[in-house]
Amino acid sequence: GLEVNRGGLIVEVNGARGFLPSSQVSLAQAANLDNLVGKTLEVTVIEVDPSQNRLIFSQKTKLTEADKQKLSKLKVGDIVGGKVAAVLAFGVFATLENGVEGLVHVSELSWEKVEDPSTLFKIGDEIKAKVVSVDTSTGKVNLSIKQLAQDPFEALIKDIQPDDIVKGEITKVTSQGVSVTLASGVEGFLPANKQDTDIEYKTGESISFLVDSIDTQKRRVNLVPFITSTKDLIYK
């Protein structure tokens, strides 16, 4: 390892520099990446993209026959129990009931955005999770906690249709557009190119919008201005 970077470790293999993400480092070492600087690690290539100059590695772990046996019994979709073994910025490591280590990536902890996993979990917490992937060659197991719960977004948007008038409070104004919290708690977004040039959008103000579409991937409602003056009521 050459240096610690945000989210992982810069490593050099045969003169080529690559990236070893924290989530691809063994649990025992992920909690303190600084200890790996200057050390020689066994790694395996998991992604190569010459056009982006990307070389991504995973730490090679030596798996015993017993490890392989335990891994072979885990299937994608299984619901498993375990205990939190480490809480890191990128997610939570858990030791499952059969002794296998798994990672719940930060994006799989909750349907809501999680800035800091340590606000939700601590070492020793009992968890239930769904197996997302099992790599029997590296021993890496990815888990999801959020997939065991229904996405609250679906319930919050069930009464929202395109062309509905909705009211929301402006939470952020950027060059990309205006972020809004709707009355139901759902995030709304008015893109910059759809903004009404007669309106000055200010954080903290509550105004009405028209629903343009619902983006289930980004879990937000796309908005357009709600025109109240007759001068703009020309056919769309």
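Biologist: Two strands count as paired if DSSP finds at least two bridges between them; in which sense do strand 9 and strand 10 pair, and over how many bridges?

Modeller: Strand 9 and strand 10 pair in the antiparallel sense over 4 bridges, and Val134 has Val141 of strand 10 as its bridge partner. The strand numbers count from the N terminus, where strands are DSSP runs of E with at least two residues and helices are runs of H or I with at least four. Please keep in mind that this is a predicted model, in which local features need pLDDT of at least 70 and side-chain atom pairs count only at pLDDT 80 or more, while totals for chains, interfaces and linings use all residues. Residues are numbered from 1 along each chain as its sequence is written, and side-chain values use heavy atoms, with hydrogens and water left out.

Biologist: Which closed barrel do those two strands belong to, and what is its strand order?

Modeller: They belong to a closed barrel of 5 strands that runs 6-7-8-10-9, with mixed pairing. From one strand to the next the twist averages 50°, with axes taken as lines fitted to C-alpha atoms (for helices over the stretch in contact) and angles running from 0 to 180 degrees between N-to-C directions.

Biologist: Mixed how? Which strands pair in the parallel sense?

Modeller: Strand 8 and strand 10 pair in the parallel sense over 2 bridges, and in strand 10 the bridge partner of Val104 is Leu143. Strand 7 and strand 8, the latter covering residues 101-105, instead pair in the antiparallel sense over 5 bridges, with Ala94 opposite Gly102 of strand 8. The hairpin of strand 7 and strand 8 has 4 residues between the strands, and Gly99 takes a positive phi near 95° there.

Biologist: And the inside? Which residues touch the most other members of the largest nonpolar core?

Modeller: That core has 19 residues, and those touching the most other members are Leu74, Leu109, Phe121, Ile127, Val141, Leu143 and Ile145. Two or more residues each come from strand 6 (79-88), strand 7 (91-96), strand 9 (126-134) and strand 10 (141-144). A nonpolar core here is a set of buried Ala, Val, Leu, Ile, Met, Phe, Trp, Tyr and Cys residues joined through side-chain atoms within 4.5 Å.

Biologist: New topic, aromatics. How many aromatic pairs does the structure hold?

Modeller: The structure holds 1 aromatic pair, formed by Phe90 and Phe93 in an edge-to-face arrangement, 6.0 Å centre to centre with 90° between the planes. Both residues are buried. Rings of Phe, Tyr and Trp (its six-membered ring) pair if their centres lie within 6.5 Å, and planes under 30 degrees apart count as stacked, over 60 as edge-to-face and the rest as tilted.

Biologist: Which other closed barrel is there, by strand numbers?

Modeller: Another closed barrel of 5 strands runs 11-12-13-15-14, also with mixed pairing. Within it, strand 12 (residues 177-182) and strand 13 (residues 187-191) pair in the antiparallel sense over 5 bridges, and Val178 has Leu190 of strand 13 as its bridge partner.

Biologist: Where does Asp163 lie, and what is its phi?

Modeller: Asp163 lies in the loop between helix 3 and strand 11 (165-173), and its phi is near 80°, a positive value in a residue other than glycine. Most residues other than glycine have a negative phi. Asp163 counts as exposed because its relative accessibility is 53%. Arg219, in the loop between strand 14 (206-215) and strand 15 (220-225), likewise has a positive phi, of about 55°.

Conventions. Buried < 20%, exposed > 50% of the residue type's maximum accessible area, 1.4 Å probe, protein only. Pairing = 2+ DSSP bridges.
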